[in-house]
Amino acid sequence: EFVPKVQDGPGRRSRLLRWAAVLELTGRWEEAASRYEEAAFAAPGQRDTDSLLSSARAWLAAGETDKALSILRILGVASPDAGVRARSLILEGWARLIEGSAAEARALAARAASAPPDRESLLSALTLLWAASEGRSRDEAAARIRKEFPGTPEAAMAEGGSVPPAAHWLLTPAGGGAKPKDAPPPGTVAAAAPKPSGTVSAPA
C-alpha cells in the first residue's frame, strides 16, 4: 500500500525490505526475491549488495537456482568486499548442491572456508561442506562443526546426521540475515544448548 507512494531512495528501500521479510515469513519466496531485488536498486547509484544476496537466497528457497546464480556470479566476481564474495560462494554452493552437483558444491565450500572473513561465514561454509560430502569427509566436517561451533543448530544437525526438511534457515547466515547487535558469536558458551534427544529427518 505504501511503497508506491514513496520516491526512490533509502526510505523506499527500507519499506521494500520490510515487505520482503513479511513475504518470507509466509513462504512466498518468489515474491520476496523480487522485492529484495527491487530494494537493491531502490536508491539510484547505490546498489545494495546485502539486498541482492537476500534476493539470491530467496530465489534458492523458491527452487529457482538459475535466477539465484545470475545474481551470485556477478557478486562473487565484481564485489571488492571479501564478506560478500564469501557469502556468494556459499550460496552458489547450495545452488549447485540443489542441482545435484555435490562435487562443485564441495569445491565452493572449501574455497569459502579457506579464508573466511568472519566466523559466521566459516560456519556456513563448513555446513555446506558437510551437507555436500559423504563418508569420512562428511564425518570430518561434522566433527569440526561440533568442536568449533558447539550449541549451534548446525552442530545439532551434524550430530543428527541429516538436513531437516524445509531447512531454509541454512541459507540465512550466508544471506546476511539480520540479528541483534549484542548477539554472541556462533559457538560461544552463551549460544550453548542441550543436544536434541530425537533424530533429524531427511529432506523431502
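How many of the 13 residues of helix 3 are buried? The legends below, which describe a predicted model, begin with that helix.

**View 1. Helix 3, residues 49–61.** Helix 3 is mostly covered, with 11 of its 13 residues buried. Among these buried residues are Leu52, Leu53, Trp59 and Leu60. Gly63, which follows helix 3, has a positive phi, near 85°.

**View 2. The salt bridge between Glu24 and Arg57.** Side chains of opposite charge can pair when their charged atoms come close. In this pair, the closest N and O atoms are 2.8 Å apart.

**View 3. A network of salt bridges.** Glu92, Arg96, Glu99 and Glu104 are linked in this network. Within it, the side chains of Glu104 and Arg96 meet at 3.6 Å, N to O. Arg96 counts as buried because its relative accessibility is 14%, under the 20% limit. Glu104, at 41%, counts as partly exposed.

**View 4. The salt bridge between Arg146 and Glu159.** The two side chains meet at 3.3 Å, N to O. This pair links distant parts of the chain: Arg146 belongs to helix 8 (residues 135–148) and Glu159 to helix 9 (residues 153–160), 13 residues apart. Arg146 is partly exposed, at 33% relative accessibility, and Glu159 is partly exposed, with a relative accessible area of 40%. The structure as a whole holds 10 salt bridges.

How values were computed
Residues are numbered from 1 along each chain as its sequence is written. This is a predicted model: local features need pLDDT of at least 70, side-chain atom pairs count only at pLDDT 80 or more; totals for chains, interfaces and linings use all residues. Side-chain values use heavy atoms; hydrogens and water are left out. Helices (H or I, at least four residues) and strands (E, at least two) are DSSP runs, numbered from the N terminus. The expected span of a helix is 1.5 Å times one less than its number of residues. Buried means under 20% relative accessible area, exposed over 50%, partly exposed in between (1.4 Å probe, protein chains only). A salt bridge is a side-chain nitrogen of Lys or Arg within 4 Å of a carboxyl oxygen of Asp or Glu.
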